[in-house]
Amino acid sequence: MRLLSHMPLSVLFVFGSLFAVVVAELVAALVAWGMVGHVPAVVWAGAFFAPLAVAPVELAVLVAVIGRMRDEMGRRRRAEMDLREDVARRREVEAGLRSNEEKLRAMFEMSPLGMARSTQDGAFLEANSAFLSIVGYDLEELRTLSFWDLTPFRFAENEACNLDSLEAVGHFGPYEKEYIHKAGRHVPVRLSGVLITGSDGESYLWSIVEDITEAHSAEQALIAKTEELARSNSDLEQFAFIASHDLREPLRMVSAYMGMLERRFGSMIGPEGADYIAYAKEGAQRMDRLVLDLLEYSRVGRMEEELQPVPLDEVLDGVIANLSPSIAQCGAQVERAAPLPSIPVIRGEMVQVLQNLIGNAVKYREPSRPLRVLVSAVRDGGLWRISVADNGIGIAPEFGDRIFRIFQRLHTRDRFEGTGIGLAICKRIVERHGGRIWVDSVQGDGATFSFTLPG
C-alpha cells in the first residue's frame, strides 16, 4: 500500500488497467469456455467481454480511493511538520523570554539606583537591594509598608500632585523629596516613576530612586562656602574702602608739613636738605596715588547697577574726551575700525576699562613714531571681542599674565609713572561681566589688548 501511495496516479492507472483487464479476461475465458455448448452463445460471449468494461471502472474507483488516502497522508505529514516547527519556535521564544527576564532581573538587582514595584495605592511588592539600602528595610518588612509610610508629612501634598500626574500621563518626576529611613533619619532622594500594565491586566507603579545625600551635602557645603566667601569679600572691600580714606589723611599732613618746612627753612637746610624734602613729598604723593588706586580697585564690584545695553561708541567718545589733553600732547590718533555695538554692561565700569587701556597706550608709546590706537569689536560666538591695538613699545610675551596682577610693574618709576593697578582693575571688571582679558604683543612692535563680553 505504501508503494502504491508513492506512485504517480497516471502510471498507477495505466498499468493497473492493463493488469486488471488481463486478469479479468483470463478468468472470463475460463468461465466462457466452460459455458460453451451449455448456454447460448450470447451468454458466454457476454461473460468473456464484460471484464473489458468493468475492470477499468473498478480500477478507477480504486485509484481515486488511493489518491484520497495519499492526500490525507500528505496533509497529516504537513500538519505534523507545522506542529513540530511551531513547537520549536515556541521553545525558542520561551528561551529568549527566559534569557531576557534573567537579564532584566540581573539589571534590576545590580542597578546602583533604587528600583521598586508597588500597587497604585502604594503597597510595595518588590524592590532591589539599592532601594532596600536607601530605606533600611528588608523585603519582607517593606511589603508590610506603603510609600506613604516612608514619606514625611511635609511632602504629602506634593506626592498627591505626582499621583494625579501619574493617572493623567502615566509617569511623574524626576523630583526631589525625602524618605524616612528605618533608623528614623531622613534620606534625600531624587524620584521618578512610571505606570506599567502587566499581562494580567493589573497596573503597577515602578519607581526609580537615587540617593542624593552626598550631592545634597556637597551642595549645602558649596552654598555655605559661597556665602562665607561673599561675606569675606564684602568685609575686605569695606576694609580697603575705609583704610584708603584713613590713610590719605596722614599723607596729606606729611605733604603739607614738608611744604611748610621747605618754605620756612629752605635757606637753612641747604641743597642736600632740599633734596630730602623733595624725596619725602614725592613719596607722599606716590603713596596718595597708590591709596587712590586701591580705593578704585576696592570699588569694583560694589556697584549694584543692573546691566543695561550701552552703546560702546558713546563710551569711547567719553574716554577720548577725558584723555584729550594727553592725546593732543603726543599727537596720537584714536580710531575705530567700525561702529561699536551696544552691549549689556555697567557704563561707569566700561569707561574705566577703555580709559585704562587707551591711557596705557598713550603712556607706553614709542617716541620714534606717531601713536596710533585702533579700537574694534567682532562677534565671537555668543560673545563680543573688544580689542584695543596700539603701535607702542609692546610687551614681552613672558609677561602677558603678570601685568594683570595687582602692583605688578614692568618698568621703573623714573621712566613711567604708575602704581601697577590699572590692568588689575580692568581684569576684575571684565571677569565680573562674565568675560576674560588678555594681551597679544611683540616687544617693540605694539600690543593688542582684547577682552570678551557676553551679548
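**Exercise 1.** Classify Phe147 as buried or exposed.

*Solution.* Start with the cut-offs: buried means under 20% relative accessible area, exposed over 50%, and partly exposed in between, using a 1.4 Å probe and protein chains only. Phe147 has 6% relative accessibility, so Phe147 counts as buried. Now take Trp148. Its relative accessible area is 35%, so Trp148 is partly exposed.

The model is predicted: local features need pLDDT of at least 70, side-chain atom pairs count only at pLDDT 80 or more, and totals for chains, interfaces and linings use all residues. Residues are numbered from 1 along each chain as its sequence is written, and side-chain values use heavy atoms, with hydrogens and water left out.

**Exercise 2.** Find the aromatic pairs and state the geometry of the one formed by Phe131 and Tyr179.

*Solution.* Rings of Phe, Tyr and Trp (its six-membered ring) pair if their centres lie within 6.5 Å; planes under 30 degrees apart count as stacked, over 60 as edge-to-face and the rest as tilted. The structure holds five such pairs. For Phe131 and Tyr179, the centres are 5.9 Å apart and the planes make 75°, an edge-to-face pair. Next, locate the partners. Phe131 sits in helix α4 (residues 129-135) and Tyr179 in strand β3 (residues 171-180), 48 residues apart. Helices (H or I, at least four residues) and strands (E, at least two) are DSSP runs, numbered from the N terminus. Both Phe131 and Tyr179 are buried. Then compare Phe147 and Trp148: 5.2 Å centre to centre, 45° between the planes, hence a tilted pair.

**Exercise 3.** Describe how α10 packs on α11.

*Solution.* Axes are lines fitted to C-alpha atoms, for helices over the stretch in contact, and angles run from 0 to 180 degrees between N-to-C directions. The axes of α10 (residues 347-363) and α11 (residues 422-432) come within 9 Å and cross at roughly 145°. Contact means heavy atoms within 4.5 Å. Among the meeting residues are Val353 and Leu357 in α10, and Ile425 and Ile429 in α11.

**Exercise 4.** Trace the open sheet of five strands.

*Solution.* Two strands pair if DSSP finds at least two bridges between them. The order is β7-β9-β10-β12-β11, with mixed pairing. β7 (333-336) and β11 (437-441) are the edge strands, each pairing on one side only. β11 pairs with β12 (residues 447-454) in the antiparallel sense over five bridges.
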